[in-house]
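Welcome! Here is a short tour of a protein model, taken one topic at a time. Keep the picture open as you read.

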Amino acid sequence: MINRFILTLVTATVFFAGSLTQTLAENGEDLLRLVDEIRAPAKNFQFHIKVSTGSKSSLTMQVNVKDQSKGLVRYLTPKKNKGRSILFVGRNMWVYIPGSRRPLRISPQQQVLGGVSSADIARTVYSADYKVMSVNADSSREKTLSLKAKSKAAAYGRIALVVSAKDSRPLRAKFFSANGKRLLKTAYFEGYKSVLGRQRPTKLRIVDHLAGNAITTMHYSKYQLKDTPVSWFQPSNLQRF
Amino acid sequence: MRSFNVFLISYGVFSFLATVTKQVRAEEFRFDINTEIGVYARSYDSEKTDLFPNGKSAGLLTNQAGADVSVTGTLGKGPLRLSGKSRFSYLPGSTSPVAEVTADELYAEVRFSDHLFGYFGRRSLAFGQSYGFIPVDIYNQPLKEKRLYPSDKSRNDMEGVDLIGFDFLTKNGDTFKMFYAPEFEWLNEGFTEDNWYLSYSTFFETSGIDVTTSAFWGERPGVGLSGSVALGDKVVLYADGTMRRNREKKTLQHSKFIDGFTFASGNDNRVFTYLTLGSGYTFDNGLSVNLEYTYDGSGYSQDEWDDIDESINLASSMSGSLASRARGQINTALRHHSLRRNYAFLRMAKDDLLDLNLESEFTLLHGLDDQSGRVGLRLEKEITEGASIGVFASHRYGKENSEFRLRPDISSLALYTLIRF
């Protein structure tokens, strides 16, 4: 009798624990989708980024996104980098430097300026690279999504993404190394403005913990819906930009 | 065959212009021009070698100062784009100042659609994934590179290839490239035969592998293969290789000096493999490291090199004009970017060294056959928008008469500034 009771209890616990995890994951994925919709206004769009690191020189770039999985980053300034471009197809990246005259394969970890990597610029949605492991309600105002990389090709092993409980807007994120233990960067989503019909962050402030907490800011502007030709997203075509 | 090629080119250019004329009407002009000025001073630490017992007589200067000005322009209207790059180089010297104006590029390209582009004129071309030796970069002329500037500028300051061709980009992400580069009196002066080039590039998204296969006909016809893949978020693996007929290097027929040395292009019609395997790793702090191994089947074997070494020693035992002639013959035969068969290459680069906005690059090219090599260190800092200053130091090491110690310029230090507007 006792054994039957224990067996029933264990079975029920496993069942409810499984159901609870499933429910959390579903909610988490929905929440992440909402966050992505705030960051990326559509599947196909274009925007500008200005990346600056305090007193150091800054970069401006135009980014074209196609089907959320392809990105083309074209450097506009400074003159030294003009003509340079970075292509993202899924988790694969190439850089084109005008003088080199050829597209070169690079890793997502390759840095653009300060604490900003190429992946930070061109990857506009988290759900493509990360899955939700848990959602914690930190307070009545904030929730934390624990994201884990879907594969080793993702730029970070783990992300702790804090969102507003009220409207799911991303507030800040902590990025961890491949093993998920080492804190690399913290990003703050700021400057919320009405862009293409809803409130979106126009500033991302990144604190690089590996470089003495150096701060790099990314300003987003000139958002527009644009369907870029598919041929733009081929390494052999980068020379034409 | 030549008449057919000329007809083909004429027809291509005519069709090209006819199409362009129709399409450019009612479109706005797009114009972009960029100028880059480089000023440098370079100092050498020379050391006598058996091949160059007197550095100055070989035309090498202990100190140099010069300037390079390059102007790049693009004019576009509708589907037509005209691009050009001209370069002026000035190297003052006490006896023979050098001033050269070069048209590196001047070509027209028309976009027939988002997937088809045609072009003709002089165009700079580069292929491959590697950083040290790039076997598939068959139109590169590394001996002409002015290596004191950053590698992308050094590679860019080159005369292009006179050609006509087209690129076809499929909707699936593949690219076909084909061009014809004729050998005429006033076109492609370095060529001895007409060149054809055909390549196909594709990307396998599921595996993340990109591949380019090529075939080319000319002085040294052959086939090429390039590929790369990223592993995780930090590692990149890549390879470039060719198999080409004929050998560029001349071998010493015998080490005896009978009315001069006899060098000849042996092994004609044999196929030579040239292969670079490389890997790249990016650290969390942004440091990028590339390590490459290169095998050049057309390089000198140990036996061939022993013969050359013997001939250098023989030339050293001579005197007067006979010695000069012997050394000149050997030097001419050895004027190649690389001479042996096995190399390792290391590159370490970081854009923001010590958080000082300092671009840094360290390179090491090590010959595995004779343990000689070359190290280089470059530091460059942007001092204001469009202007940067840099320093480049290089040093060659190895035992006497090894590949990298044949010539007297053992070490060099260069200071340069680059201004862009």
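Chain A is built from two helices and 15 strands. Keep in mind that this is a predicted model.

**Chain A on its own**
- Chain A has 241 residues, and 42% of them are buried.
- Now take the contacts in chain A between residues at least 6 apart in sequence: 44% of these join residues at least 24 apart.

**Where chain A meets chain B**
- On the chain A side, 40 residues are in contact with 46 residues of chain B.
- Strand S6 of chain A (residues 103-106) supplies the largest share of that chain A side, with three residues.
- By type, the chain A residues that touch chain B are 17 nonpolar, 15 polar and eight charged.

**A helix pair in chain B**
- Find helix H3 (residues 302-317) and helix H4 (residues 320-333) of chain B: their axes come within 9 Å and cross at roughly 160°.
- How are H3(B) and H4(B) oriented, parallel or antiparallel? An angle over 145 degrees counts as roughly antiparallel, so H3(B) and H4(B) are roughly antiparallel to each other.
- The crossing of these two helices, H3(B) and H4(B), is left-handed.
- From H3(B), the residues B:Ile308, B:Ser311, B:Ile312 and B:Ala315 meet B:Ala323, B:Ala326, B:Arg327 and B:Ile330 from H4(B).
- Sorted by type, the residues in this contact of H3(B) with H4(B) are six nonpolar, one polar and one charged.

Conventions: Residues are numbered from 1 along each chain as its sequence is written. Chains are lettered from A and ligands numbered from 1 in the order in which they are written. This is a predicted model: local features need pLDDT of at least 70, side-chain atom pairs count only at pLDDT 80 or more; totals for chains, interfaces and linings use all residues. Helices (H or I, at least four residues) and strands (E, at least two) are DSSP runs, numbered from the N terminus. A residue is buried if 20 or more other C-beta atoms lie within 10 Å of its own, exposed if 12 or fewer, and partly exposed in between; C-beta atoms are placed from the backbone. Two residues are in contact if their C-beta atoms, placed from the backbone, lie within 7 Å. Ala, Val, Leu, Ile, Met, Phe, Trp, Tyr, Cys and Pro count as nonpolar, Asp, Glu, Lys and Arg as charged, and the others, Gly among them, as polar. Axes are lines fitted to C-alpha atoms, for helices over the stretch in contact, and angles run from 0 to 180 degrees between N-to-C directions. Angles under 35 degrees count as roughly parallel, over 145 as roughly antiparallel, 65 to 115 as roughly perpendicular and the rest as oblique. A crossing is left-handed if the near helix is turned anticlockwise from the far one by less than a right angle, and right-handed if clockwise.
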